[in-house]
Amino acid sequence: SSHLWGSSSLICPRPTLPSWGSAMAATLWALVALTTAAGSVGDQVGDVPAPTHQEWYSVPLDHFGDDGLQAKTFQLKVLRYSKFKKCGGPIFFYSGNEGPIEGFYANTGLPFAWAEEFGADIVFVEHRYYGSSLPFGNATYNGTTSNLKFLRVEQALADYALFMRDYNKACSETGLKSKVVVFGGSYGGILAALLRMRYPTIFHMAVAASAPIPEAVAMQVNPSSFYEAITNDARDADSRCPGAVQKAFAKLYELFHSGKQSDLDYVQKTFSLCKPLKSEEWSHFMQYARNAWTEMAMCDYPYPSSFLAPLPAWPVKAACAAVLSGSEDDAYVAGLAKAVAMPYGAPGQVRRTHLQSVHGSSDQEAPSCLDMYELFIACADQTGCGTGSDATAWDYQMCADMNIIVSSNNETDMFPDRKWALDDLQAYCAKTYQVLPRPRDMQSRFGVLDYLPSSTLGKDILGSAYSNIIFSNGLLDPWHPGGYLEDLSETVVAIKIPLGAHHLDLRAANKDDPQCVIDARAQEKSLMQKWLRISPVKGSADLII
């Protein structure tokens, strides 16, 4: 279908929502047998087939330095699904982001939906320093920052470009290489767009879903917009919800600062926390509770999912119902406790996330209480860094690469006021990693100077600089205010999905998908065919594995 100038905000009537219920060259390749499936176990997002190959690809530790006669290298994990690969078909490449590649493989169904139709090869490559792709092995995270200096966006981009240069071989029948479409969601979406901008002869189109470049690279977005978007999502679910959440947080602030241990004991019991509380723990507790809403808003999908945490369908609506099931007599504190427990796992509830399913690990033992220091780690990214070594990597990147500033103010959002500005980030990063965030430097390093919303450069100039990029944003996703919401040209297109959460369009089709995300995927496929001049495969040519 033709694309109208401006932006594409797809019509998407809101359905009746369910009520809340239970909660380098070829010599560098090494092909190994894949022993774990990456299907979508226990998660109603459609079937994602297991990879046909797991491989390892060697890359330089430092693409831009001089290591003398012999450059240091390490290996990146590669997952490949080549069942439908045909001569002349495209390569669908996923630019791995901040976590093990298996999780993104299992949660990115869109390339698989198109693979057979276009004879496509599907490749997922893990991001350096995440999952199993560790430059220094077990010593990568040795308690110092000396091993982290090669964790940079431009190093990761060069990894992917080098990989694809070597992987994309000319077809023997045509003598031509494949056209490459790079997919990515969130940080991966930023990488996808940057790959198209920086290496346009290697990556021929990008689908960048939920990619907040203006926010993460330019810091041009109001810091309060993130939590305001979560609040708007809650208001759409139930108009009474934000007010009740606000009342609960206000009461909790009083209880933390009353000077009475009995009040703190009440909070500990109500929120099923493992350890007795102290008044000085208010900041961490508030961030822990706020982060629960962040996870639910990002994963506000129309069906149960377990991407970030095991959640029901429309989890924000479910969380609001939980809050409002509480009593106004206790200012909805008990109700808020139920909502906060949803992504963390209520005591007695067995937790099983996608990564556990992918790796074949057993269910976690049902917790008897919730440890807010294990479940939420305060870091440079106020929206959460996760846990484990991947969290350390992302924390470092938020200091050394992208600088995301978000804060709640209790005026335009339902969360307690918490100041977090550039000076706070700089102080944290200098103390933790001995690096100083420099937002202006990022734009130069990433090669996106002036490729940002601007009053001095018109869209015609910005749009003519690049081509073949789709920026999609779900309007339920709290990251959408930080993204491109208007077209920059006829070939740098913005698609808005009213009932979409965090990169919903990249997920596998589901019977409960709203019409707007179905339309978004159809538009993305249509633009791919138009821009790259590719058509569905014909005949029954032999598959190439």
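This report walks through disulfides in a predicted model.

Residues are counted from 1 along each chain as its sequence is written. The model is predicted, so local features need pLDDT of at least 70 and side-chain atom pairs count only at pLDDT 80 or more, while totals for chains, interfaces and linings use all residues; side-chain values rest on heavy atoms, with hydrogens and water left out.

**The bonds**

A disulfide is a covalent bond between the sulfur atoms of two cysteines. For the search, a pair of cysteine sulfur atoms within 2.5 Å qualifies. Run over the whole structure, that search turns up five disulfides.

| Pair | S-S distance |
|---|---|
| C241 and C320 | 2.1 Å |
| C274 and C369 | 2.0 Å |
| C399 and C429 | 2.0 Å |

**C241 and C320**

The link of C241 and C320 is left-handed, with -85° about the S-S bond. It ties together distant parts of the chain: C241 sits in helix α7 (residues 241-256) and C320 in helix α10 (residues 315-324), 79 residues apart. Helices here are DSSP runs of H or I with at least four residues, numbered from the N terminus. As for accessibility, buried means under 20% relative accessible area, exposed means over 50%, and partly exposed is what lies in between, using a 1.4 Å probe and protein chains only. C241 has a relative accessible area of 0%, so it is buried. C320 is buried too, at 1%.

**C274 and C369**

This disulfide is right-handed, because the torsion about the S-S bond of C274 and C369 is about 100°. Its two ends lie in loops from distant parts of the chain, 95 residues apart: C274 is in the loop between α8 (261-270) and α9 (282-298), and C369 is in the loop between α12 (354-359) and α13 (372-375).

**C399 and C429**

With -80° about the S-S bond, the link between C399 and C429 is left-handed. Again distant parts of the chain are joined, with C399 in helix α14 (residues 388-400) and C429 in helix α15 (residues 422-433), 30 residues apart. Both C399 and C429 are buried.

**One more cysteine**

C299 has 1% relative accessibility, so it counts as buried.
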